[in-house]
Amino acid sequence: LMGDNGMPLGIVLRYDQVKPNTNISTQYSVYIAGLTYDLSKKASLSVDYQEQASNNGAVASPYLSAPKAVYMHMVVNY
């Protein structure tokens, strides 16, 4: 949430390379990019794009409904 510098806007960038099985060479990449905005000292809103890309034939998480998606998150502290 809002830092000491008073800047309410933030950037989220993340890259992960996932190797679900160390016995074989398959892997996949996860990309996340987004913006956060602090509504107050106790509430924050973020929007991000997430993508999973297959490398070397690995299947990205079978639990995801889509390998590419836009998400909105809100955090409220009491």
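User: Is Y15 buried, partly exposed or exposed?
Analyst: In this predicted model, the relative accessibility of Y15 is 46%. Buried means under 20% and exposed means over 50%, so with its 46% Y15 counts as partly exposed.

User: How many aromatic pairs are there, and is the pair of Y15 and Y31 stacked, edge-to-face or tilted?
Analyst: The count comes to one aromatic pair. The ring centres of Y15 and Y31 lie 5.3 Å apart, and their planes stand at 40°. Planes under 30 degrees apart would count as stacked and those over 60 as edge-to-face, so this pair, at 40°, is tilted.

User: How many residues apart in sequence are the parts that this pair ties together?
Analyst: Y15 belongs to strand β1, which covers residues 9-18, while Y31 belongs to strand β2, which covers residues 27-38. The pair therefore ties together parts whose separation in sequence is 16 residues.

User: Which element gives the largest share of the nonpolar surface patch?
Analyst: The patch has an area of about 1,100 Å² and is made by L9, I11, L13, L35, Y37, L39, M74, V76 and Y78. Two or more residues come from each of β1, β2 and β4 (68-76). The largest share, three residues, is given by β1.

Key
Residues are numbered from 1 along each chain as its sequence is written. This is a predicted model: local features need pLDDT of at least 70, side-chain atom pairs count only at pLDDT 80 or more; totals for chains, interfaces and linings use all residues. Side-chain values use heavy atoms; hydrogens and water are left out. Rings of Phe, Tyr and Trp (its six-membered ring) pair if their centres lie within 6.5 Å; planes under 30 degrees apart count as stacked, over 60 as edge-to-face and the rest as tilted. Helices (H or I, at least four residues) and strands (E, at least two) are DSSP runs, numbered from the N terminus. Buried means under 20% relative accessible area, exposed over 50%, partly exposed in between (1.4 Å probe, protein chains only). Patches are made of residues with over 30% relative accessible area and no salt bridge: like charges are joined within 9 Å, nonpolar side chains (Val, Leu, Ile, Met, Phe, Trp, Tyr) within 5 Å. Accessible areas come from the Shrake-Rupley method with a 1.4 Å probe; for residues, only the protein chains shown count as cover. A salt bridge is a side-chain nitrogen of Lys or Arg within 4 Å of a carboxyl oxygen of Asp or Glu.
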